[in-house]
Amino acid sequence: MKHTKKVDVAASAIRKLWENHGIKEPMRFLGFCLSLLPIPGISQAGLVLDRHLSDKGFEKEVENIWNAIKRTNENIATISPLEDAIAEVARTVNTDDELIQKTSDFLSRLANNQSEFRIITDENSLNEIINTLIEAENTLITTSNNSNTLLENVRVNSNKTSITTTNNSSTRIDKSIFSAPAGAVKVAKTSTKGHVEFLGNEVRLHGNSELNIFESGNISVYARNKPLPEDTIDFICPRCQHSHKLKLKEIITGQLLVCVNCRACTQTI
């Protein structure tokens, strides 16, 4: 049976866990959980699971969910190879509301224990992160050395999302949301260069960093429970960190912006 690349990569990660912890039926459920992640994050999440599997409480929780899956699908434990088993777990979970809720709760708790999520694209590579939810305390997205990263229809729930794009590379963002406790930033048809940070209802450009907004693109910033005017962005001066409220049209004209606090100049694109 042919599977998605995510399932194949998830199965590979589980086989590595088998080497350290033995072949155990409930790891098929963990394989399904890994298959929900963007491909660059599967190996990293596998390392997180490797640490958690030493925790008896975590192991018991996974076993309980697996037993609930087996009650819904009695043949689930007999399916092989592992790729087919992961796909069957996905079908089984998606047909039962209680299993969907158990899985969602499990993934939320797992995300709360993950302090940092990294996506690295390097050496003439292309990386597309599409229709994905990322939850971590901090998210780091790095694109370098003639590479390209696409974030499309992605929601990142992190206190800080750092996007670094260097050495003739590009990071493109479309229909995505960067959310934190203080608020969120919605981004469409935009590319970045340099070092850009999303921190709730702030966007910070460091040094000679750039935000390039294409035709029909936009950036909207929302404070918690209080949206700012449409097409308004918080621009943070790279030198003194003073906050400026800017209209979208002001950051795509190629003009020099002068900080009212320290008088430093920053050129928009």
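**Note on the predicted model**

1. Asn 146 is partly exposed, with a relative accessible area of 39%. This residue of the predicted model sits in the loop between E3 and strand E4 (148-157). Its phi is positive, about 60 degrees, although Asn 146 is not a glycine. Most residues other than glycine have a negative phi, and most peptide bonds are trans.

2. Asn 153 is a second case to check. Phi of Asn 153 is near 55 degrees, again positive in a residue other than glycine. Asn 153 belongs to strand E4. Its relative accessible area is 41%, so Asn 153 counts as partly exposed.

3. Ser 80 and Pro 81 are joined by a cis peptide bond, with omega about 0 degrees. Pro 81 is placed in the loop between H4 and H5.

4. Is Thr 143 buried or exposed? Thr 143 counts as buried because its relative accessibility is 0%. Thr 143 is found in strand E3, which covers residues 138-143. Its side chain makes a polar contact of 2.7 Å with the side chain of Thr 149. Neighbours within four places in sequence aside, the contacts of Thr 143 include Thr 121, Asn 148, Thr 164, Ser 169 and Thr 171. Thr 149 is on that contact list too.

5. Helix H1 covers residues 5-21, 17 residues in total. From first C-alpha to last it reaches 24 Å, close to the 24 Å expected at 1.5 Å a residue. The buried residues of H1 are Val 7, Ala 10, Ala 11, Ala 13, Ile 14, Leu 17, Trp 18 and His 21. They lie on the same side of H1 because they cover an arc of only 165 degrees around the axis. The face turned away from that buried side carries the exposed residues Lys 5, Lys 16, Glu 19 and Asn 20. Gly 22 follows H1, and its phi is positive, near 85 degrees.

6. Which residues have the most contacts inside the largest nonpolar core? They are Phe 29, Leu 30, Ile 69 and Phe 106, in a core of 32 residues. The elements that give two or more residues to this core are H1, helix H2 (27-35), helix H3 (39-52), helix H4 (56-72), helix H5 (82-93) and helix H6 (97-112). H1 gives the most, with 7 residues. In soluble globular proteins, nonpolar side chains tend to be buried together.

7. Leaving aside neighbours within four places in sequence, Ile 69 is in contact with Phe 29, Ile 76, Val 89, Thr 92, Val 93 and Leu 99. A second, separate core has 22 residues, including Ile 134, Ile 141, Leu 151 and Val 203.

8. Confidence comes last. The protein averages a pLDDT of 82, and 81% of the residues score at least 70. Over residues 249-255, pLDDT stays under 50. The model has 19 contacts beyond four places in sequence for residues 249-255. Where pLDDT is low, the predicted coordinates should not be read in detail.

Technical notes:
Residues numbered from 1 in each chain as written. Predicted model: local features only at pLDDT ≥ 70, side-chain atom pairs only at ≥ 80, totals over all residues. Heavy atoms only, no water. Helix = DSSP H or I, 4+ residues; strand = E, 2+ residues; numbered from the N terminus. Buried < 20%, exposed > 50% of the residue type's maximum accessible area, 1.4 Å probe, protein only. Polar contact = N/O pair within 3.5 Å; in protein donor to acceptor, adjacent residues only side chain to side chain. Contact = heavy atoms within 4.5 Å. Expected span 1.5 Å × (residues − 1). Arc of directions from axis to C-beta. Core = buried A, V, L, I, M, F, W, Y, C linked by side-chain atoms within 4.5 Å. pLDDT = per-residue confidence, 0-100.
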